[in-house]
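Let's take a friendly walk through a protein and the ligand it comes with. Have a look at the picture first, and then we will go through it together.

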Amino acid sequence: IQTNAFVAKNDIRAQFSQAMSAMYKEEVPAYGALMDLVADVNAVSLEQDKDLHEQLTHTDGLARITEERHGAIRVGTEKELFTLRRLFAVMGMEPVSYYDLSVAGIPVHSTAFRPVDEADLNQNPFRIFTSLLRLELIEDEDLRAAAQEVLDNREIFTTAALNLIDRAEAQGGLNAEDAAQFVTEALETFRWHSKANIDRELYNRLHDEHRLIADIVSFHGPHINHLTPRTLDIDAVQVGMPKRGIDPKAVIEGPPQRKCPILLRQTSFKALEEKVFFKQADGSWEEGSHTARFGEIEQRGIALTPKGRALYDELLDKTRAAVRAGEGAYEDLLVESFAAFPDSYEELRAEGLAFFRYSLSEKGAEIAKSVGISGTVDGLLEAGILRMDPIVYEDFLPVSAAGIFQSNLGDGGAEVVYSNPSQAAFEKALGAKVLDELALYAELEQASLTDCYERLSAKSL
Ligand code: OOG
Ligand code: NI
């Protein structure tokens, strides 16, 4: 019967993303201002760049952009991460990729929960970058134990949310009423709480160890710390921010501006200093402040193959070895280094640097109606039978993520660099393996080609 039918996971995710955005706009008004700026910039980009407009229309990517955003949260325990995986699964979001942030002196490791299939991404690509605290990287044993105790004594999910996760798993989905309640209850986990779980003294000790640890341990739950709309022209947004009273960080993370955007470029505005209250031993609340929440913008480009990614990493490392990000010469040097990265889709394809989605051109579709046809991809592209479009990079970049974390940790951000990946431990906590993003892009490319070849060889009568 209709009323008992399950709501599509894509719809639950879209509702949740909307609800999260509305909540964050209330909590952090500058996010609303940034959304308006991004909407204006995107409208201009689509108006001026007809090729981009056509490409996005052709790949069904246009509709998703205004609704597109990612958020980020940080959790404290394995159990919290485990339940989050189950919560996100209700909305069709799976853990993709493993990011080790210890390389930047940040004691967390992370994944991103996101939809995986092309059709699901096109309906709503909402993602959450999710980090797990690594208390084992804190040297002070007393402090570690104190933090652990606080974390063990909190419950970041409402009882109703936990029950609905169980129900979704048992039934294989949620009906409309349950889905609506699930969205409301799940949102509670990510709400900001100005009353801390701990007293000022412990807060200060955690903060001195690392600001991020204080952010993760001190509060009732993993408040959403930023929500990021997707822009089609990040340089225009960067320039536009100060005009609307928003103060951006100094540099855009990721690759430089290019004709054919690759991977991901990101910039953010500084975290707000917010009033919080510490829970003192005598039961009183003591006023203090905490900085955690900020805004970010992203521009997404084409996904790179392992070969392309290696070249990206090499050129970025080369730049960063010469100048620190944020120093005057950084951007010029970045542009100079990346001159070695081909900047046309033809070259990116010919050199096997990036992933493409193939489809039949109008001509190809016409031919496919009458005669069977075969040939190499090169030949079919040249003959104008196939067309290719960039596959959008849907993931994150560890060096950029570290830059985003750092920009919000203030000037005293840690500089200690101790690479210490621990993917197996992360996956054990998660209760699942993370998906390999490169395999996902390769599959998407291959599936698009298989579909083209099938259509070309099948002669209809
Ligand atoms: C996450 C920072 C990483 C991104 O877009 O790379 C991130 C955090 O600050 O919790 O969101
Ligand atoms: Ni982010």
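Which residues are around ligand 1? They are Ala 72, Arg 74, Phe 129, Ser 131, Asn 225, Gln 266, Glu 296, Phe 396, Ser 400, Ala 401, Ile 404 and Phe 405, where a residue is near a molecule if its C-beta atom, placed from the backbone, lies within 6 Å of it.

This is a predicted model, in which local features need pLDDT of at least 70, side-chain atom pairs count only at pLDDT 80 or more, and totals for chains, interfaces and linings use all residues. Residues are numbered from 1 along each chain as its sequence is written, while chains are lettered from A and ligands numbered from 1 in the order in which they are written.

Helices (H or I, at least four residues) and strands (E, at least two) are DSSP runs, numbered from the N terminus.

The largest share, four residues, comes from α18.

Now for the sheet. Five strands form an open sheet with mixed pairing, in the order β2-β3-β4-β1-β5; two strands pair if DSSP finds at least two bridges between them. β2 (94–100) and β5 (226–229) stand at the edges with a single partner strand each, so one side of each is left without a neighbour in the sheet. β1 and β5 pair in the antiparallel sense over four bridges, and Arg 69 has Pro 229 in β5 as its bridge partner.

Overall, the protein has 20 helices and eleven strands.
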